[in-house]
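Dear colleague,

Please find below the structure that I am handing over to you. My notes on it follow, and I would ask you to read them with the structure open.

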Amino acid sequence: MERIATVTLNPALDVNTTTEKVRPTNKLRCTAPELEPGGGGINVARVLHALGAEVTAIFPSGGAPGATIEKLLRDVGVPIVPVPIAGTTRESIAVEETSTGAQFRFVLPGPALFPDDLEHLFQALRDLPAPPTCLVLSGSLPPGCDPSVLARLAEFCRGANEKLVIDTSGPALAGCEGARAYLIKPSLRELEELIGRKLGGEADEAAAAQELVARDFAEVVVVSLGGRGALLASADETIRMAALPVPPGGGTVGAGDAMVAALTLATARGYALADALRFGVAAGAAALMTPPAELVRREDVERLYATASTG
């Protein structure tokens, strides 16, 4: 069976609540909060668990929010390796305005990770009972964290014969140049930022994705195109897939994490690139049908995958 590990360097305890109207300076009386474990890699691990994969979530954990994340993940059966830190794990707050349906999201920066903390995270990877087939690094970097940690992680994976999947943004994503990860998943906006120009059409998008492959960002680049689907580029081929029409029911939060989870699972199972892209797009679409707290339903992903086609 495939084995996958995820690393989340900046996890968050997601606090979700509602209030009738958001007004400045007023005290806003909110409903009792719903708590969820969050951060890119943790969300990816939750989706992989829902899809039936053998997955372990590795993350730094500090203070009461960290302990709550640990409990929430254990409660749903996701295997975890929390790495204790001196700082306190961040919280992210989402407030839905019930009078309009608008959502206000407040994302805190998170604690710094010191060199010893990073060493303990790498040791946690070395100490896994069996080496994973694939390793996922997903989410933002904590304040002050050197983006070179991603290149170090890529080197670690090459030495362990593991495939590294990266989903991050900003300086961390730019720092992947030369790292030669197995796969990265930028958005179209992030692709334009990496290339340094606006892209003018499908051929230009494909050429830009191929440029990232040539610059050793990764062997495979998957560009999420929102309502237009996704684009996959490798040294040998370019594959495009349209978005799948799905009935509304969930939200856009988590769709990218679902896509990364499915791409990683397909990679671990040895799928051809076209089939991996189909599986990833199917999972992203399934997330749009699912209440955010549930992320995805396995039966939705498998049904959409069976009906999808690449072009």
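**Exposed and partly exposed loop residues**

Asn-161 has a relative accessibility of 70%, so it counts as exposed, the cut-off being over 50%. Please keep in mind that this is a predicted model. Asn-161 belongs to the loop that connects α4 (148-159) with β9 (163-167). Its phi is positive, about 60°, although Asn-161 is not a glycine. Most residues other than glycine have a negative phi.

Arg-180 also has a positive phi, near 55°, and is a residue other than glycine. Arg-180 is found in the loop between α5 (170-174) and β10 (181-184). With a relative accessible area of 41%, Arg-180 is partly exposed.

**Helix α1**

How many of the 11 residues of helix α1 are buried? The number is 9, so the helix, which covers residues 40-50, is largely enclosed by the rest of the structure. The buried residues are Gly-40, Gly-41, Ile-42, Asn-43, Val-44, Ala-45, Arg-46, Val-47 and Leu-48. As you will see, the list contains Asn-43 and Arg-46 as well as residues such as Ile-42 and Val-44.

Against which elements do the buried residues of α1 pack? The strands are β1 (3-7), β3 (34-38), β4 (54-61) and β8 (134-138), and the helices are α2 (63-75) and α8 (255-268). Just after α1 comes Gly-52, which takes a positive phi of about 90°.

**Nonpolar cores**

In soluble globular proteins, nonpolar side chains tend to be buried together. In this model, the largest nonpolar core has 55 residues. Those with the most contacts inside this core are Ile-4, Leu-48, Val-222, Leu-244 and Leu-277. Leu-48 is also among the buried residues of α1.

A second, separate core has 46 residues, including Val-83, Leu-121, Leu-125 and Val-149.

To return to Leu-244, its contacts are with Val-281, Ala-282, Ala-285, Leu-304 and Ala-308, when residues up to four places away in sequence are not counted.

**A nonpolar patch on the surface**

Which residues form a nonpolar patch on the surface? They are Ile-93, Phe-104 and Phe-106, and together they have about 240 Å² of accessible area. Phe-104 is part of strand β7, which covers residues 103-107. The relative accessible area of Phe-104 is 31%, so this residue is partly exposed.

Yours sincerely,

A colleague

Technical notes. Residues numbered from 1 in each chain as written. Predicted model: local features only at pLDDT ≥ 70, side-chain atom pairs only at ≥ 80, totals over all residues. Heavy atoms only, no water. Helix = DSSP H or I, 4+ residues; strand = E, 2+ residues; numbered from the N terminus. Buried < 20%, exposed > 50% of the residue type's maximum accessible area, 1.4 Å probe, protein only. Contact = heavy atoms within 4.5 Å. Core = buried A, V, L, I, M, F, W, Y, C linked by side-chain atoms within 4.5 Å. Patch = residues over 30% accessible without salt bridge, like charges linked within 9 Å, V, L, I, M, F, W, Y side chains within 5 Å. Areas by Shrake-Rupley, 256 points an atom, 1.4 Å probe, with all protein chains shown as cover. Salt bridge = Lys/Arg side-chain N within 4 Å of Asp/Glu carboxyl O.
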